[in-house]
Each structure stands twice: as structure tokens, then as C-alpha cells.
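Welcome! Take a moment to turn the model around on your screen, and then we can walk through a few of its features together.

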Amino acid sequence: MAKDEIQIIRTFAGEVIIGKVTSDTKDKLTVAKPAIIYQQNGPNGPQVGLAPLAPFNKNETVALNKDGILFNELAAPEMVQNYIKATTNLDIPAASKLILG
């Protein structure tokens, strides 16, 4: 998988993490601005929320041991939008809603 892409990471402990993978070595996966993905009940059914994985760290990156990772895959476009909005306060519209011309 390419570096600097936003990925979903599932750990053996059951955590689901989203973040920008900045380094992928034999033993570690380094993730910038990692966030935990959680589900909560909303007025219209289940909703997905994001919370910082390590809000009190000095650095914005976390190195995860690959021994503890069940899988990592590219994040779906909707999750990428949610992640960008949560970590940068930028609300980027979906490509289908862009008006070009």
C-alpha cells in the first residue's frame, strides 16, 4: 500500500483506527493523527464517530507494532471525508457534489 494514504487499521485488541500512514516498515506502521472509530446510537440509527487515539502525545504520530495489527486497508471515501473534517476542520464535499465549470 502506498505511503501517505488514509487507512483503516484493525488491531487484535478490537480497536479500529483511522489515520494517515507515514511509514511502513517490517515491524512498525507509523500513523499520523490517528483516531479511534466508534459507533454510537443517533436519532436516525447507528452513527460513526472519531476520537483521537493519543490526544496527550507530544507528537502527532504513533508507531504501531505490526504484531498487534489484524489488517490495514485503504479507507472508504466517506470515512476519508470524515477523518479530514475531524482532523483539519475542513469540510471537503464529495466529488459527486462538486460543481465544475
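This is a predicted model: local features need pLDDT of at least 70, side-chain atom pairs count only at pLDDT 80 or more; totals for chains, interfaces and linings use all residues.

Phe-71 is partly exposed, with a relative accessible area of 39%.

Next comes a pairing of charges. Side chains of opposite charge can pair when their charged atoms come close. The structure holds 1 salt bridge, and its partners are Lys-66 and Asp-24, whose closest N and O atoms are 2.4 Å apart. Lys-66 sits in the loop between strand S5 (61-65) and S6, while Asp-24 belongs to strand S2 (residues 16-24), so the pair ties together parts that are 42 residues apart in sequence. How accessible are the two partners? Lys-66 is partly exposed, with a relative accessible area of 29%. Asp-24 is partly exposed too, at 44%.

Finally, let's visit the largest pocket, which has a volume of about 250 Å³. Its lining is made up of 16 residues, and Lys-33, Pro-34, Pro-52, Leu-53 and Ala-54 are the ones nearest its centre. Strand S3 (28-42), strand S4 (45-52) and helix H1 (77-88) are the elements that each give two or more residues to this lining. What kinds of residues line the largest pocket? They divide into 10 nonpolar, 3 polar and 3 charged.

How values were computed
Residues are numbered from 1 along each chain as its sequence is written. Side-chain values use heavy atoms; hydrogens and water are left out. On a 1 Å grid over the protein atoms alone, a cavity is a set of points where a 1.4 Å probe fits but cannot get out, and a pocket is an open set with protein on both sides within 12 Å along at least five of seven lines; lining residues have an atom within 4 Å of a point. Grid points are joined across faces, edges and corners, and a volume is the space filled by probe spheres set on the points. Helices (H or I, at least four residues) and strands (E, at least two) are DSSP runs, numbered from the N terminus. Ala, Val, Leu, Ile, Met, Phe, Trp, Tyr, Cys and Pro count as nonpolar, Asp, Glu, Lys and Arg as charged, and the others, Gly among them, as polar. Buried means under 20% relative accessible area, exposed over 50%, partly exposed in between (1.4 Å probe, protein chains only). A salt bridge is a side-chain nitrogen of Lys or Arg within 4 Å of a carboxyl oxygen of Asp or Glu.
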